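Visitor: Hi, I'm new to this one. Could you walk me through it?
Guide: Happy to! Let's have a look together.

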Amino acid sequence: MAIVPVFTCGFECGADTGTAGHWVATGAGATFQTTTFRNGLRAGQINITTTTASFDHTAASSNIFVYRFAVRFTTIPSADCELATVVIAGTAPCGVHFKNSDSTIHIGTAWNSFSFVGFAVTTGTWYYVDVRIDASANPWTIDGKVNGTTIAANYLQSSAAATGTVLRLGPTTQSVTAN
């Protein structure tokens, strides 16, 4: 298996071009900000009030994705939503989801399909999330960690292997209020 390295600059450069490893802001609530950031001088901010917003990165087509991101909630999302997912053709987004009923981060394989055990979160704290999505066989396996603590894996029954090309930070279809 060949590993295809993907360069994504984070948000430090402030570019919104979608080329050479940059993120593309979609929706009015996805912006760069310089007040609260984990490192560097900028962060991507998704402040959703009435519509969806996300940052998208187009990667090389693959059926195995491994990625890491940091998330900090200013306000807890008002509904279940995606946090960071890979868009795989013909399926709901696979990756990291937020579950509103208990304020937890879960591994998810579709909207409202959560792992059995999540990681509780609160406002004002940075959480480091590691994710691995393997859609090379049936069932697909999605697993990850939050701050080094393993989140229960989730599986998606599929008829075959599939590939994805878009890594998305933020909700894609849900109308939630969050920052």
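**A sheet and a core**

Guide: This is a predicted model. Four strands form an open sheet in the order S5-S11-S12-S13, and their pairing is antiparallel.

Visitor: Which strands stand at the edges?

Guide: Those are S5 (64–72) and S13 (149–156); each has a single partner strand, so one side of each is left without a neighbour in the sheet. On average, neighbouring strands of this sheet are turned by 15° against each other, direction ignored.

Visitor: How many bridges join S12 to S13?

Guide: Six, and the two strands run antiparallel. For instance, Ile-142 has Asn-154 in S13 as its bridge partner.

Visitor: What about Thr-141, buried or exposed?

Guide: Thr-141 counts as buried, because its relative accessibility is 19% and the cut-off for buried is under 20%. Thr-141 sits in strand S12, which covers residues 140–146.

Visitor: And which residues does Thr-141 touch?

Guide: Leaving out residues up to four places away in sequence, Thr-141 touches Arg-132, Ile-133, Asp-134, Asn-154 and Tyr-155.

Visitor: New topic: which residues in the largest nonpolar core touch the most other members?

Guide: Tyr-67, Phe-69, Val-96, Ile-105, Val-129 and Ile-133 do, out of 37 residues in that core. Strand S6 (residues 81–88) gives the most to this core, with five residues. In soluble globular proteins, nonpolar side chains tend to be buried together.

Visitor: What does Val-129 touch?

Guide: Beyond residues up to four places away in sequence, Val-129 touches Tyr-67, Arg-68, Phe-69, Val-71, Val-96, Ile-105, Lys-145 and Val-146.

Technical notes:
Residues numbered from 1 in each chain as written. Predicted model: local features only at pLDDT ≥ 70, side-chain atom pairs only at ≥ 80, totals over all residues. Heavy atoms only, no water. Buried < 20%, exposed > 50% of the residue type's maximum accessible area, 1.4 Å probe, protein only. Contact = heavy atoms within 4.5 Å. Pairing = 2+ DSSP bridges. Axes fitted to C-alpha atoms, helices over the stretch in contact; angles between N-to-C directions. Core = buried A, V, L, I, M, F, W, Y, C linked by side-chain atoms within 4.5 Å.
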